Amino acid sequence: MKLGSLKSGRDGRLVVVSNDLAWCADASHIAPTLQAALDDWERLAPQLELLATDLAHETIPRERFHEREAAAPLPRAYQWADGSAYVNHVELVRKARGAVLPDSFWTDPLMYQGGSDEFLGARDAIPLADEAWGCDLEAEIVVVTGDVPRGASREEALGHIRLIGLVNDVSLRGLIPAELAKGFGFVQSKPASALSPVFVTPDELGERWKDGKLHGTLMVDLNGEPFGRAEAGEDMTFDFGTLIAHLGKTRNLGAGSIIGSGTVSNRDADGGPGRPVARGGRGYSCLAEMRMVETILDGAAATPFLKHGDTVRIWMEDKQGRAIFGTIEQTVVAS
């Protein structure tokens, strides 16, 4: 089942979306918003599944699903916590500045609490007031949970995953060092992120969803050119069950919590840092990683951060070449 939200009010209007993302059916008679559905998932999910079946059989009224008209599936959420499950990414960050990666990073996940009061729609622009802030994309996987009790195990946590999607976790790299130096985490350097047009239930993904990981190529284009073709199921040190259990070690998690994987990152075939797509590699899911590799190999970064007018595109395809979650496509604009 694929669920989305059309722009309406602050929290959108819930719709069930066809597998090919061409059509949708109003679901507001079942639940007005996706958050409302998540709050009562055990009772409402079967009704939404029946609606999805009726949509597939064309037995109910339907309308065209236009990704440009869609809001984020959850335009605002009770919680947004982003992990760093691909430790290769963290290792490159530290290596580029000559720092050693602590051994604990391979056993204890990194995670920060992000702002969840606003998520951009997949085709909404990225507002950027100052190019000197170093605007970067970060292509990631996200999951949405139901209620998760405090102290849940990894296996229990996996059972509470309701939906899966993609996110462009926008970062302002130029503001990060000063914020982290305060020892209190990200605030200004993490503006609103953009979610994929639809979220998908785990059963809909089949073999792509296995052991708490999404398997498939995460596609990233920058200004119409291939930038990233990372394999999401590879080099993921911490699966989503582990990330959720980490977050919920000392507290309950409310339905509608969004948990991110962190930047999807692969090692090269020889075990070294990844190569650009143009050189036969899998490329990168953020500009900072490409700049890190340039620093490691060449002594200095050459790739600039995003400028006004740049366009980012993020998606994942099924075997038929169709976007599973729809496409995040954003242009950076002056604000």
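This is a predicted model: local features need pLDDT of at least 70, side-chain atom pairs count only at pLDDT 80 or more; totals for chains, interfaces and linings use all residues.
Residues are numbered from 1 along each chain as its sequence is written, and side-chain values use heavy atoms, with hydrogens and water left out.

**The cysteines**

- Look from the other end, and the sulfur of Cys286 has its closest cysteine sulfur 12 Å away, in Cys135.
- The disulfide count comes to 0.
- Cys135 is buried, with a relative accessible area of 0%; buried means under 20%, exposed over 50%, and partly exposed in between, using a 1.4 Å probe and protein chains only.
- Cys286 counts as buried too, at 0% relative accessibility.

- Strands (E, at least two residues) are DSSP runs, numbered from the N terminus.
- Strand 12 covers residues 161-168, and it's mostly covered up: 8 of its 8 residues are buried.
- Strand 12 pairs with strand 11 (residues 139-145) in the antiparallel sense, over 7 bridges; two strands pair if DSSP finds at least two bridges between them.
- In that pairing, Val143 has Ile164 of strand 12 as its bridge partner.
- Strand 12 also pairs with strand 14 (residues 193-195), again in the antiparallel sense, over 2 bridges.
- Here Asn168 stands opposite Ala194 in strand 14.

Notes: A disulfide is a pair of cysteine sulfur atoms within 2.5 Å. Helices (H or I, at least four residues) and strands (E, at least two) are DSSP runs, numbered from the N terminus.
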